[in-house]
Amino acid sequence: MLEIKDLKSNDEITWCPGCGDFGILNALKKSLVKLDRPLNEILLVSGIGQAAKLPHYLNCNCFNGLHGRALPVAFAAKAANCKLTVIVTTGDGDCYGEGGNHFLHNLRRNIDITVVVHDNQIYGLTKGQASPTTDLGYVTKVQTEGVVLEAFRPLEVAICMGAGFVARGFSADSEHLSWLITEGVKHKGFSLIDVLQPCVTFNKQNTYEWYSKRIYKINDDPNYHPEDKDAAMKKAAEWGERIPIGIIYRNEEKKSYEEKRGLLDKPALVEEDISQIDIKPILKDFI
Amino acid sequence: MNSEITIKISGEAGQGIETIGMVLSKMFKDAGFSIFANQDYMSRVRGGNNFFQLRISQKPLFTLRKNSDIVVALDKASVDLQRKNLNPKGIIILDKKKFSLTEDDKSFFDLPLYELALKTGGSEIFLNSVACGLLTRILGLDFSHVERVLRFIFADKGEEIIKKNLDAAQAGYDHARDNFKADIFYLKANRPEEKLLINGNDAIALGAIAAGCKFYCAYPMTPSTSIMNVVAHYAKKFNILVEQAEDEIAAINMIIGVSFTGARAMTATSGGGFCLMTEGLSLAGMTETPIVVVDAQRPAPATGFPTRTEQADLNFVLHAGHGEFARVVFTPGTAEEAFFLTTRAFDLAEKYQIPVLIMTDQHLADSYRDIKSPAFKQLKTKRYIISKDDSKSITDYKRYKLTASGISPLAVPSWINGVIYADSDEHTEEGHITEDAQVRVKMVEKRFYKKMKGLEKEIEPPKAFNLKGADTVLLGFGSTYGVLKEASENFKEKRIGFIHLPQVWPFPASTLKKLLKNAKKIYTLENNAGAQLANLLRRETGIEVDKSILKFDGRPFDLDFLSAQLKKR
């Protein structure tokens, strides 16, 4: 049985004290203990940003690549070795801004990975510019008269592009978030978990208090069925006075990329013997 | 008797010029001729002017000629377009009635191409076979040659289609027999032997398959796309996963992701797509992830000439990616070399845990030659990852362990009992982020100095020909190999030697200094405007060239162009 202490890495944590990222790290640890999978078969992939540092703080495989580029790496690693449990830790800028195109197309691929987005609605590492999810009107050093671009709507986009598991969590409720991550990892296909995560240094609007006043747990409502796509689209769009958290949409019927490409019954690509590949039989086609 | 013939099939995009070209190429190859075939096509699916150029001879061919002996004009526009590049005794085969041409010219040979196609096959599609039959006869070959090829090409189309094509070819053949009595285009052939018909892109794809590439990923871009087509065609047979990426940024990051799991992966693109890949190239350098990337060059900047050829990405590929890290850049000159260097690229990439780049161009990518199959035999593939058996005992792994060679043992995730940290930030031996100055220095030395030192001992040597006593030495890289080779053979008495570089990075500086020591004059031959190879030579060796023969009209060098330049010297 895996224990929390097994997950500790010897790397020093460099987040600001009070950062919402701590809650996500704790939730992820709880999920990994619950899932109880061998740590050397877990791969955490990240891009750049505060969220992208998270894999260093766990005792799992880590590929910390480029800004916005976590998803293509994660997709490919999973496709190459389906036995790996692949989790992406990314941010609103990394996933919805710089890596927006990869977000759209990996939703279409429906590869079986879990994407945890640390969504603090601001750019932290570059010190306070608007992110794709910053609310309209929010004033920053760059958006001096307030944000005029519509906020990106990750949950609606994910549902509409074909993800089978779309959820929203809150970093201060790490039990609930851990449940979402665990369910997301168990889901056979692309899982998006957008996590409301207060940036204590640069986001003066979307604070712990601001979120706490607004959020409610959608799955507590016995009349809410995450399998109902129309209802899910409505809830995914809800933002403002009331913000739902929980599993917004779930569809276990959709086939994953691995299933569609027949990868599940095959060994990992690295297991293939390539010591002497004979191409002679196909040379007859080049005559 | 002629020693060689150049045939051009000219018409609009969509008229099946490539099919007719490939039928003829195969027929002449099977009949014992050497061939060099190349396509000149516009960036459009219909209309415009495209042509397929086929050079045939008894002696081995490596390049093109400027003028044609026989032009088959499939549309009216081709008549005037191809007329200016016709040899004195050359002919233009055309359908005067169809083109409403009343004019006469001694070079015209009228053929009711469209009428014969309709009569024999019932559709204009069959004009290709009519033309093939006609050319078979004009070059003095027996009908059985074209019959065999048509039966082969249409084997899976059913007996009816085969018969219609054979009838069409027979009609063309008979028309020539009755109306073209001259033997001016007869050629002597060699004894037929089994040979392949392969272009540069086929060779790269075959090399990748043979080297154990298990993941191929790209965004389609001319002229690199056919590499993906060939790999995809054989993907099932060799268990290769092929994925079309949403963009080139994704493509390079995907191959990095696969390579991180221990399998071999490759992508290919052209200059514009390669621009998007440069950040990922730098990532491969920093994370020390083995990857193979092909840049099939076309004329740029920006969209440039999408379907034409150039060698202007040399400086770009040498320097692509931010920061300093070791890389290898191969520049194959023939399909055989493209095959071999692709297998070598996979080997070096994994051995040194670096990105290896293969530069080709539209000319090499799309040109066909007859090649004996042993050129494509597979060498035994060596792996450099920690074996599965050895992995089991590893619990405390350092991805970037410092070693004398700069190369750290390469572990496969899930095979070892420990975990692996790879990072694009500067990192410690364990792979964690650091800002320590001393660690930084050691890591730069590892990734750059130490690996380059090893790679310099493994440079693919320059290929030198006729240097003894040569007063002029021509230097080229990549697809200019063919024209250099034939020019040096044609100019033997004038003492012209040449050197072809199959690898430009690490640069073979010391070898070149030795090879060029006695050269009185040094010219570079480059399909670019900036004399980039000449500049590289000067930078790396201090040697200044006397002249650079440059061509940047989007078309490849041909033997006649180079000969004219050399006569001026």
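Which residue of E15(B) is the bridge partner of Phe63(A)? In E15(B), that partner is Ala422(B).

This is a predicted model, in which local features need pLDDT of at least 70 and side-chain atom pairs count only at pLDDT 80 or more, while totals for chains, interfaces and linings use all residues. Residues are numbered from 1 along each chain as its sequence is written, and chains are lettered from A and ligands numbered from 1 in the order in which they are written. The predictor gives the complex an ipTM of 0.98 and a pTM of 0.97. For chain B, the mean pLDDT (the predictor's confidence in each residue, from 0 to 100) is 95, and 99% of the residues reach 70 or more.

**Between the chains**

Strands here are DSSP runs of E with at least two residues, helices are runs of H or I with at least four, and both are numbered from the N terminus; two strands pair if DSSP finds at least two bridges between them. In all, 43 residues of chain A are in contact with 49 residues of chain B, contact meaning C-beta atoms, placed from the backbone, within 7 Å. On the chain A side, strand E2 (61-64), helix H2 (70-80), helix H4 (100-109) and helix H10 (280-283) each give two or more residues. H2(A) gives the most, with eight residues.

| Strand order (chain B) | Pairing | Edge strands | Average twist |
|---|---|---|---|
| E9-E8-E10-E11-E13-E12-E19 | mixed | E9 (241-244), E19 (503-505) | 20° |
| E16-E18-E17-E20-E21 | mixed | E16 (463-465), E21 (547-550) | 20° |

Phe330(B) stands opposite Gln503(B) in E19(B). Helix H9 (residues 225-238) of chain B packs on this sheet and touches E8, E9, E10 and E11 of chain B; its direction makes about 140° with that of E9(B). Such angles run from 0 to 180 degrees between N-to-C directions, with axes fitted to C-alpha atoms, for helices over the stretch in contact.

In the five-stranded sheet, E16(B) and E21(B) each have a single partner strand, so one side of each is left without a neighbour in the sheet. The partner of E21(B) is strand E20 (residues 521-526) of chain B, joined to E21(B) by four bridges and running parallel. Leu525(B) stands opposite Ile549(B). Helix H19 (residues 532-541) of chain B lies across E17, E20 and E21 of chain B, at about 135° to E20(B).

**Buried parts**

The largest nonpolar core has 246 residues, and those with the most contacts inside it include Ala77(A), Val166(A) and Phe215(B). Such a core is a set of buried Ala, Val, Leu, Ile, Met, Phe, Trp, Tyr and Cys residues joined through C-beta atoms within 7 Å. A residue is buried if 20 or more other C-beta atoms lie within 10 Å of its own, exposed if 12 or fewer, and partly exposed in between. Helix H13 (residues 335-352) of chain B gives the most to this core, with 10 residues.

Helix H8 (residues 200-210) of chain B is mostly covered, with 11 of its 11 residues buried. Among them are Asn201(B) and Asp202(B). Just after H8(B), Gly212(B) takes a positive phi of about 90°.

How values were computed:
Contact = placed C-beta atoms within 7 Å.
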